[in-house]
Amino acid sequence: MAFATPRGRLASLITVTLHALCFAAHDPHALARFWSGLLGWEVEGETLVPSDDTGFRLRFTPSEEPKSRKNHAHFDLTSKSLEDQQIIVAKALELGARHIDIGQRPEEEHVVLADPEGNEFCVIEPGNTFLAECGFVGALACDGSQEVGYFWRKALGWPLVWDRDQETAIRSPHGGPKITWGGPPFDAKTGKNRVSFALSGPFSEVDRLVSLGAIRLGTWEGGQVEMADPDGNEFSVGVVGTGS
């Protein structure tokens with residue numbers, strides 16, 4: 001049986017969505033081409049549109065700032081076999097990636113690479129149980145506290161799929177990659193992050209995010225509100241609809 005939903009109640013159910021993951025880039029078009037070639041996603045200008053269940057876009061924005069430290073967030077890409085892992089790594093290298101050392105131990109089976117602008121990502125070994133139900137983009141792995149994992153669970157309305165030893169993970173109810181936070185110890189934040197979330201939602205969500213622990217950083221710029229989560233990670237909210 002269908003039940004009518006009062007308009008006010010429907011409005012109260014609206015939440016922000018994760019519209020895009022943004023990368024600051026010296027050459028946005030070239031970086032978009034690299035990730036399009038690796039992921040197989042369609043390029044729309046400086047944005048990639050997913051061809052799978054990822055659920056959010058990749059957006060590359062121009063920046064003159066040099067990359068001076070490890071990103072606080074990186075992709076974990078999955079593989080189906082050792083041969084598949086080798087093929088993915090070879091393809092990434094052909095497109096312009098390179099091997100890097102971020103302190104991984106010799107016995108670890110994942111391969112750590114950086115894209116042409118130095119953004120880190122991993123190609124995970126086959127048989128990884130944590131990412132078993134995920135697609136090629138298995139996870140966005142972030143440095144961050146347990147508290148910030150709880151914040152993003154409430155902010156996006158995604159269920160918590162891991163909460164152990166101060167490590168947390170959430171995943172959209174529609175599938176796609178997990179977003180994880182590794183808990184302490186993690187690097188202190190110095191300067192603006194090169195990787196950030198771009199959300200979309202009604203203006204009322206800005207106040208709700210503040211009530212959850214976010215900070216409003218800036219004024220309106222092109223219909224966006226600049227904010228930071230409880231760990232100080234910058235994100236934006238592109239306001240849609242009325243009520244601003």
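In this predicted model, the axes of helix H4 (residues 146–156) and helix H5 (residues 204–212) come within 10 Å of each other and cross at roughly 155°. Angles over 145 degrees count as roughly antiparallel, so H4 is roughly antiparallel to H5. The crossing of H4 past H5 is right-handed. On the H4 side, the contact is made by Phe151, Lys154 and Ala155, which meet Arg208, Leu209 and Leu212 of H5. By residue class, this contact between H4 and H5 holds 4 nonpolar and 2 charged residues, with no polar ones.

An open sheet is formed by 8 strands with mixed pairing, and their order is S2-S3-S4-S1-S13-S16-S15-S14. Its edges are strand S2 (42–44) and strand S14 (215–216), each of which pairs on one side only. Within the sheet, strand S1 (residues 17–25) and strand S4 (residues 57–62) run parallel and are joined by 6 bridges. Strands of a sheet pair through backbone hydrogen bonds, either parallel or antiparallel. A handy landmark for viewing S4 is arginine 59, which stands opposite cysteine 22.

Helix H2 (residues 28–39) lies across S1, S2, strand S3 (47–49) and S4, and runs at about 160° to S4.

Definitions and conventions:
Residues numbered from 1 in each chain as written. Predicted model: local features only at pLDDT ≥ 70, side-chain atom pairs only at ≥ 80, totals over all residues. Heavy atoms only, no water. Pairing = 2+ DSSP bridges. Helix = DSSP H or I, 4+ residues; strand = E, 2+ residues; numbered from the N terminus. Contact = heavy atoms within 4.5 Å. Axes fitted to C-alpha atoms, helices over the stretch in contact; angles between N-to-C directions. Parallel < 35°, antiparallel > 145°, perpendicular 65-115°, else oblique. Left-handed = near helix turned anticlockwise from the far one by under 90°. Nonpolar A, V, L, I, M, F, W, Y, C, P; charged D, E, K, R; others polar.
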